Amino acid sequence: MHRVFLLAALLPFTGMAQEPIHVKVNLVNVAFAALDARGGLVSGLTRDDVEITDDTVPQHVAFFSRNADLPLTLGLVVDQSGSQEHFYKKHKRDLEEFLREVLGPRDKAFLVCFGNHIRLASDYTNDGAQLLDALLNFKSSNRYSELGPKEERDLGTAFYDSIYYSVTEKLAGQNGRRALIVFSDGEDNSSSHDMMTAIETAQAEDVLVFSVRYTQKEHGKLTARNQYGVRVMERFAHETGGADFDAAAIDPRVYFREIGEELRSSYELAYYPTNPLKDGTFHKIAIHSKKDGIKIRTKTGYFAR
């Protein structure tokens, strides 16, 4: 994230107002999780235990912290398109489990339901019952406010737009650890934004994407379209520093607990890149632990804009 600081010029008094001096400073903020060989979260790392590179060039860590029990600012994004009709009851049960395991009194979350339109089913609240009730009573209609401009969409699933507008219209500028929890199969056929634009937007706002995947198989096997959706959801999680879960293979109590623990106990660091040019290019970030057996999970980079 780029931050701009305004410094006033402190000059000897001349009786005339002085023009302010504008100094632009590129500070890149990166949140990351440290995992051991079994996938458990690692606590106790210090600034000296990690190293970061920007386009393979080592960077000096200017700020480093680990905050336990951070307040969370979350977007719950639930696919209501035709391909998910079979999973509506499971969405409800799993969302209920998520709210029980993760949402605390200092947290807040909003609920978006989407098919070929992205509708705000519930605005920010820390009331899990209100969010669950909003999902149970959701009907695709114009009585809900819509995220993004009104678009003419011929087909039924605007997956990429649901992420793009959840970030730009709801999470951008919010405080706390920010993340999207996306319940879907990852298949898209009516978005105005492409996959990489949605990913880039989440990266720019330091929003983690956690993908919870529900896939309707044909005769017990993944179709080519299913496989595409699987890779899409894996890609969003990988590129933003989140994680991907198959709802059919893992107990939701396990992966929601993992999501909650990771969000509340992630590390954060920041650095001033040695290449400060805002030339629109993608900068690849890599963080490595100097301790053996520790894997770092973080976003893959950012665009210098």
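Trainee: Glu146, buried or exposed?
Mentor: Buried. Glu146 has 17% relative accessibility, and the cut-off for buried is under 20%. Keep in mind that this is a predicted model.

Trainee: Which side chain does Glu146 meet in a salt bridge?
Mentor: Lys150. The N to O distance is 3.7 Å.

Trainee: And Lys150, buried or exposed?
Mentor: Exposed. Its relative accessible area is 69%.

Trainee: How many salt bridges does the structure hold?
Mentor: 20.

Trainee: What about Asp244, which residue does it meet in a salt bridge?
Mentor: Arg213. Their side chains come to 2.7 Å, N to O.

Trainee: Arg213, buried or exposed?
Mentor: Buried, at 9% relative accessibility. Asp244 is partly exposed, at 24%.

Trainee: Switching to helix H1. How far apart are Glu96 and Lys92 there?
Mentor: Four residues. Helix H1 covers residues 88-101, and that spacing puts about one helical turn between Glu96 and Lys92. They form a salt bridge, with the closest N and O atoms 3.4 Å apart.

Trainee: What is the accessibility of Lys92?
Mentor: 26%, which counts as partly exposed. Glu96 is partly exposed too, with a relative accessible area of 28%.

Trainee: Which residues are linked in a network with Lys92 and Glu96?
Mentor: Glu97 and Arg100. Salt bridges link the four.

Trainee: How many positive and negative side chains in the chain?
Mentor: 37 positive and 43 negative. The centres of the two sets lie 3 Å apart.

Trainee: Now the overall fold. How many helices and strands?
Mentor: Six helices and 16 strands.

Trainee: What is the radius of gyration?
Mentor: 21 Å. A compact globule of 305 residues would have one near 19 Å, so the chain agrees with that. The C-alpha trace spans about 75 × 50 × 40 Å along its principal axes.

Trainee: What share of the residues counts as buried?
Mentor: 50% of the 305. The accessible surface of the chain is about 15,300 Å², and carbon and sulfur atoms hold 51% of that.

Notes: Residues numbered from 1 in each chain as written. Predicted model: local features only at pLDDT ≥ 70, side-chain atom pairs only at ≥ 80, totals over all residues. Heavy atoms only, no water. Helix = DSSP H or I, 4+ residues; strand = E, 2+ residues; numbered from the N terminus. Buried < 20%, exposed > 50% of the residue type's maximum accessible area, 1.4 Å probe, protein only. Rg over C-alpha atoms; globule rule 2.2 N^0.38 Å. Areas by Shrake-Rupley, 256 points an atom, 1.4 Å probe, with all protein chains shown as cover. Lys, Arg positive; Asp, Glu negative; His and termini not counted. Charge placed at Lys NZ, Arg CZ, Asp CG, Glu CD.
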